Amino acid sequence: MRKFVLLATAAGIASAAMALPASAHRAHNSATRAMLEVRKGKLGRYIVNGKGLTLYLFEKDRNGKSACYGTCAKVWSPLVTSGKPAAGAGVAASKIGTTKRKDGSLQATYAGHPLYRYDDDHKAGQTEGEGSKAFGAEWYVVAPSGKKIDKS
């Protein structure tokens, strides 16, 4: 019986210890400072994140505030950042900013447009979301000027 109690206690401690990394992982997984860069591809020159993934604007956004939450934000991931994003080559630092989301997190903006990544763009250079109409408005790749690229 004593061995069973010790094993049960050890299992309980191990379970509790395993729960700690999950919460620690969530804390560690918090936003880092985003990087904006310029990439040249089939649509011309456009804004990408630090991994080279294409960034989009959503025409339903108003006054620099995101209109994409819930299911929309699962398909079109907001570019969340811990502070003002860094400007890579070709990006106008004066056009970079942030906007506060409903949950209090900061979303990167460029020329006043909140920025998003499309879930069907899996590697650098893909622009599958260009010209899409979803969640009540159209989505466009962002040019270094801050304007949409409309090649649809």
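**Ground rules.** I am reading a predicted model, in which local features need pLDDT of at least 70 and side-chain atom pairs count only at pLDDT 80 or more, while totals for chains, interfaces and linings use all residues. I number residues from 1 along each chain as its sequence is written, and side-chain values use heavy atoms, with hydrogens and water left out.

**Confidence.** I checked pLDDT, the predictor's confidence in each residue from 0 to 100. The mean for the protein chain is 85, and 80% of its residues reach 70 or more. Over residues 1-29 pLDDT stays under 50, and there the model has 0 contacts beyond four places in sequence; a contact means heavy atoms within 4.5 Å. Where pLDDT is low, the predicted coordinates should not be read in detail.

**Whole chain.** I found 2 helices and 13 strands in the protein chain. These are DSSP runs numbered from the N terminus: helices are H or I with at least four residues, strands are E with at least two. Of the 152 residues, 38% are buried, where buried means under 20% relative accessible area, exposed over 50%, and partly exposed in between (1.4 Å probe, protein chains only). Among contacts with a separation of 6 or more, 63% are between residues 24 or more positions apart.

**The open sheet.** I traced an open sheet of 3 strands in the order β2-β1-β6, with mixed pairing. Strands β2 (44-49) and β6 (86-87) stand at the edges with a single partner strand each, so one side of each has no neighbour in the sheet. Two strands pair if DSSP finds at least two bridges between them. Strand β1 (residues 35-41) runs antiparallel to β2, joined by 6 bridges; within that pairing, E37 has V48 of β2 as its bridge partner.

**Around T81.** Next I went to T81 in strand β5 (residues 80-81). Is T81 buried or exposed? T81 is buried, with a relative accessible area of 3%. Its side chain makes polar contacts (pairs of N or O atoms within 3.5 Å; within protein, one must be able to donate a hydrogen and the other to accept it, and residues adjacent in sequence count only if both atoms are side-chain atoms). The T81 side chain reaches the backbone nitrogen of A34 at 2.9 Å and the backbone oxygen of G83 at 2.7 Å. Leaving aside neighbours within four places in sequence, T81 is in contact with residues including R33, T98 and Q107.

**Strand β8 and its partners.** T81 stands opposite L106 in β8, and 2 bridges join the antiparallel strands β5 and β8. I noted that β8 (residues 106-110) is mostly covered, with 4 of its 5 residues buried. Strand β7 (residues 96-100) pairs with β8 in the antiparallel sense over 5 bridges, and I96 has Y110 as its bridge partner. Which residue takes a positive phi in the hairpin of β7 and β8? G104 does, near 95°, in a hairpin with 5 residues between the strands. Strand β9 (residues 113-114) is joined to β8 by 2 bridges, again antiparallel, and H113 is the β9 bridge partner of Y110. The hairpin of β8 and β9 has 2 residues between the strands, and there A111 takes a positive phi near 55°.
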